Structure formats: C-alpha cells, structure tokens
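Thanks for coming. I will go through a few local features of one structure, starting with the backbone and moving on to the charged side chains. Please have the view open.

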Amino acid sequence: EPDGYHLGDTVVTVGANRLLVDGLLTMSPELVGSGLDLELDGPDLQRLGRLAAGLVELPDLPPEPYTVAGSIAVDATGYDVPELVVTLGHAEATISGRIGRPPDLVGTDLEIRSHGPDAALFSSVTGVSVPVSPFNVDGQVARTVDGFRFDDLRVRVGEHHLRLDGSLGRPPRFVGSDLDVTTEGPSLELIAQLAGTDRLPHLAYRARGHVAVSPSRFRIEDLDAAVGGSDVRGGLSLALDGRPRLDIDLESAELDVAELVRDRTDRAETVANDTPPSEPSQIEDRVFSDQPFDLEILDRFDAAASWHVASLRLVTTTVSDIDLAASLDDGRLAIGPVDAIGEHGGRFKVSLLVEPGDDGHRIDLQVSVRGATADLTNRGRGSGRDPTTTDLVIDVSSRGRTPHEAASTANGDVIVSLAGGEVDSSIVDLI
C-alpha cells in the first residue's frame with residue numbers, strides 16, 4: 001500500500017517462539033502511523049531473552065511459558081495500547097493506556113492489573129527469593145517529565161502489601177515527590193533482602209505516611225508505623241538549603257526494646273550456627289579504647305528532636321512517661337534532661353552534653369534516680385524480702401580525644417543511697 005505494508009495474519013517463528021502480526025506497518029520514521037494486532041507466544045521466556053540479548057538489555061528471565069496478545073498504534077509521541085494481555089506461567093497481566101517514546105518513556109500512562117500464584121518474575125528481576133505466594137498489582141502508573149505518578153497503585157506479594165498514591169520525583173534527590181505511602185507485612189526480612197542489609201528485625205511491620213520533597217526540604221508527615229510491639233507516630237523534616245537541619249517530633253505508646261534484642265540475638269545465633277569458626281581477633285587490652293572518638297557525623301548537620309514514649313520495655317524492667325529532648329548545633333550535642341518513671345515508681349532524670357574542642361570532646365553526664373526499688377538479695381523479687389530503695393546521683397565531666405583520655409580525666413560525684421531491705425554481701429564485694 002502507498003503508506004506501507006499491510007500484514008495479513010503474518011506468522012514469524014523462531015524455534016518454538018511464534019509471532020502473529022496483522023495490520024499496517026508504515027515506512028515512516030519511527031513507524032509513525034502503524035497500527036498492528038500482535039500475538040506472541042513460546043514455551044520458555046528465558047530462552048527468548050537469550051535470543052534477544054544482543055539487541056536489548058534484559059534481566060535474567062524465568063524459564064516459563066509466555067503469551068502476549070493485544071494491539072498497538074504508533075504516533076509521533078508514543079504508542080497507544082488499548083489492551084495488552086500478558087501471561088507468564090500461571091501469572092497474568094492486563095495493561096492498557098499509553099507508552100511514551102524511549103529511552104525516558106515520558107508520557108507513559110498505564111493502567112495495570114496483574115495477578116498470579118507466585119512471584120517468579122519479581123524474584124528474577126530483583127534476585128530476592130520470595131516464598132511461593134500469590135501476588136497482585138492493580139493501579140495506574142504514569143511517567144512524567146518530573147518523575148512518576150501513581151494513582152492508587154496497590155501491590156501484594158503474599159501477605160506483604162504496598163499502596164502508593166501521588167508523585168515520586170526523579171532520583172537521586174526525588175525533588176517534586178508528593179506521595180502517600182502505606183505498607184504492611186508479616187516480617188521485615190523481605191524488605192531487608194531488597195535493601196541488601198541484615199540490620200532489620202524479622203518482625204511484623206506496618207507504616208503509613210506522606211512524603212514531600214522540594215528543592216529545599218524533605219518531609220515525612222502523618223507518620224504512623226509499628227515494628228513488632230513498638231510503634232511511632234509524628235513526623236520529621238530535613239532542611240536542605242544551606243547547612244542541613246533535621247527536626248523530629250515523635251511519640252510512641254510503646255517501644256519494646258526487649259523484643260528487638262531477642263530478635264537480634266536469635267538471628268545472630270542462627271548466623272553463628274551456619275558460619276564456620278574464624279580465627280580469633282586481636283582484642284585491645286584496655287577497658288577504655290585508645291581509638292579516637294568517631295564523632296564526625298555530629299558536625300555534618302544540625303538537629304532538634306522531641307520524643308514522648310508512654311512505655312519503654314527493657315530486657316529487665318519497664319520505664320514509662322519518657323520525655324526525650326535533644327539538640328545538635330555546630331557539633332554540640334545536648335540530650336535531655338530526659339525524664340522517666342520506673343516500673344515501681346522511681347523517677348529518673350538524665351542529661352548528656354558532648355561538645356567539641358581543640359583538646360578533645362568535653363563530656364558532661366548528669367543522672368538522678370529517686371525512689372527506685374531493687375532486690376539486692378540475689379534471691380529474686382519472689383523471695384518475700386522487702387526491696388531496697390535506691391537513690392543515685394551522678395555528676396561527672398571529662399574531656400578527651402579517645403575513650404581512654406575521657407576516662408582518665410573524669411571528675412565529679414557519684415552518690416548512692418540505699419534504704420531498707422537487705423543487700424547481699426557478694427554485691428557489696430563488687431563495689
């Protein structure tokens with residue numbers, strides 16, 4: 001035809017892979033004006049990917065049977081896709097909308113609906129092993145000049161859920177982001193694998209909040225998150241113009257440190273059991289190290305933080321009504337006074353100052369404990385003995401470039417007062 005070639009149910013086969021094309025293929029630049037119906041299928045997507053390896057860069061695709069069926073219309077700015085149905089193994093995806101021109105794909109605006117009994121393609125692309133679990137993807141994704149736009153995009157892999165709604169700016173600074181995020185799942189293990197870290201606890205998680213990024217500020221607003229039995233609500237803001245400044249305002253109904261410690265201990269024991277013993281390392285023979293303090297991070301930004309914790313569960317006790325305030329200005333870190341109430345009514349107050357100087361860091365520590373109770377009989381609280389009431393006052397200052405220097409220059413008062421109860425002699429021997 002004058003405008004190009006009309007392909008009437010034209011079939012191309014390469015090995016066991018089959019392509020059927022019907023429609024108009026123009027000879028204009030970038031095939032503008034073409035309109036084609038397509039059907040593509042084969043027994044092994046991985047093998048097809050290897051055939052195309054010299055033409056396009058592809059991830060290591062799974063060895064699953066596949067089909068692609070739909071139509072495409074080409075114009076000067078991209079491709080209209082009324083409906084494209086793709087299957088991979090037992091998974092299926094339906095895509096409709098518009099695809100922008102490569103390489104940046106600006107103008108892409110697609111509605112995606114995908115589901116399947118497992119996440120084999122996800123594992124193939126990311127290299128992260130996912131337990132055999134059903135997955136769903138449902139929502140709208142657009143590629144804009146400034147980044148990406150998500151319209152109620154929902155992703156589920158097994159019991160892990162993610163919802164995105166709003167705009168995400170282009171990396172690495174993500175300027176222009178204005179995004180609502182909601183996520184939850186049975187364990188952070190999958191997130192840790194994706195992030196390439198082993199520092200996240202393997203506990204159930206949930207989080208929602210709003211992320212906004214401008215050229216001068218990064219903000220997380222309306223944060224409501226939990227990991228295991230620990231929760232946090234509030235927000236933070238990082239000013240990016242001039243000297244960076246971080247402002248944090250948080251509150252927690254409960255922080256379960258004991259749970260986090262148990263999780264970390266269990267994972268460390270698992271790793272130790274699976275790791276061959278290594279050569280013993282040379283341990284410094286000083287209680288206080290001669291290695292310089294690594295406090296360079298304190299000079300990188302300023303900060304102000306407040307955090308109220310209603311209940312803090314430690315390994316051996318629970319502390320309540322904690323009010324934490326901290327500030328960081330030109331490398332000077334001030335924490336406190338931090339007020340708290342102990343499990344049996346004692347009151348605690350802690351202040352810490354770390355200030356840089358030419359002859360090392362100045363460190364001031366003040367601790368006040370009033371009316372705390374403790375069983376010092378070595379028989380446990382079930383022994384029937386009255387606990388000892390303890391008052392403690394610590395007011396110590398030091399200066400140094402290393403922990404050893406700081407310890408050797410420490411000066412101040414430590415006052416301990418015990419009233420009532422009994423004190424086991426073995427405890428006295430330790431003093």
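D222 lies in strand β13, which runs over residues 217-227; strands here are DSSP runs of E of at least two residues, helices are runs of H or I of at least four, and both are numbered from the N terminus. Before going on, a note on the source: this is a predicted model, local features need pLDDT of at least 70, side-chain atom pairs count only at pLDDT 80 or more, and totals for chains, interfaces and linings use all residues. Residues are numbered from 1 along each chain as its sequence is written, and side-chain values use heavy atoms, with hydrogens and water left out.

Back to D222. Its phi is near 55°, a positive value in a residue other than glycine. Most residues other than glycine have a negative phi, and most peptide bonds are trans. Is D222 buried or exposed? D222 is exposed, at a relative accessible area of 57%. The cut-offs are under 20% for buried and over 50% for exposed, with partly exposed in between, using a 1.4 Å probe and protein chains only.

F174 is another non-glycine residue with a positive phi, about 60°. This one sits in the loop between β10 and β11, and with 32% relative accessibility F174 is partly exposed.

The loop that holds F174 also holds P172, between β10 (160-169) and β11 (178-185). The peptide bond leading from P171 to P172 is cis, and omega is near 10°. There is a cis bond between P102 and P103 too, with omega about 10°. P103 belongs to the loop between β6 (91-100) and β7 (109-116).

Now the side chains. How many aromatic pairs does a search of the whole structure find? The search finds zero. To count, rings of Phe, Tyr or Trp (its six-membered ring) must have centres within 6.5 Å; planes under 30 degrees apart would be stacked, over 60 edge-to-face, and the rest tilted.

One ring does have a charge over it: the charged end of R143 sits above the ring of F148, 5.0 Å from its centre. The rule asks for NZ of Lys or CZ of Arg within 6 Å of the ring centre and within 35 degrees of the ring normal.

Next, salt bridges, meaning a side-chain nitrogen of Lys or Arg within 4 Å of a carboxyl oxygen of Asp or Glu. The count by this rule is 26. One of them joins R113 and E111, whose closest N and O atoms are 3.4 Å apart. R113 is partly exposed at 36%, and E111 is partly exposed at 35%.

Another is between R245 and D329, at 3.9 Å from N to O. This pair links distant parts of the chain, with R245 in strand β15 (residues 245-252) and D329 in strand β18 (residues 318-329), 84 residues apart. Both partners are partly exposed, R245 at 31% and D329 at 38%.

K349 and D339 also form a salt bridge, the closest N and O atoms being 3.8 Å apart. Here K349 is in strand β20 (residues 347-355) and D339 in strand β19 (residues 332-341), ten residues apart. K349 is partly exposed at 40% relative accessibility, as is D339 at 29%.

Finally, salt bridges with shared partners join R243, D299, D302 and D330 into one network.
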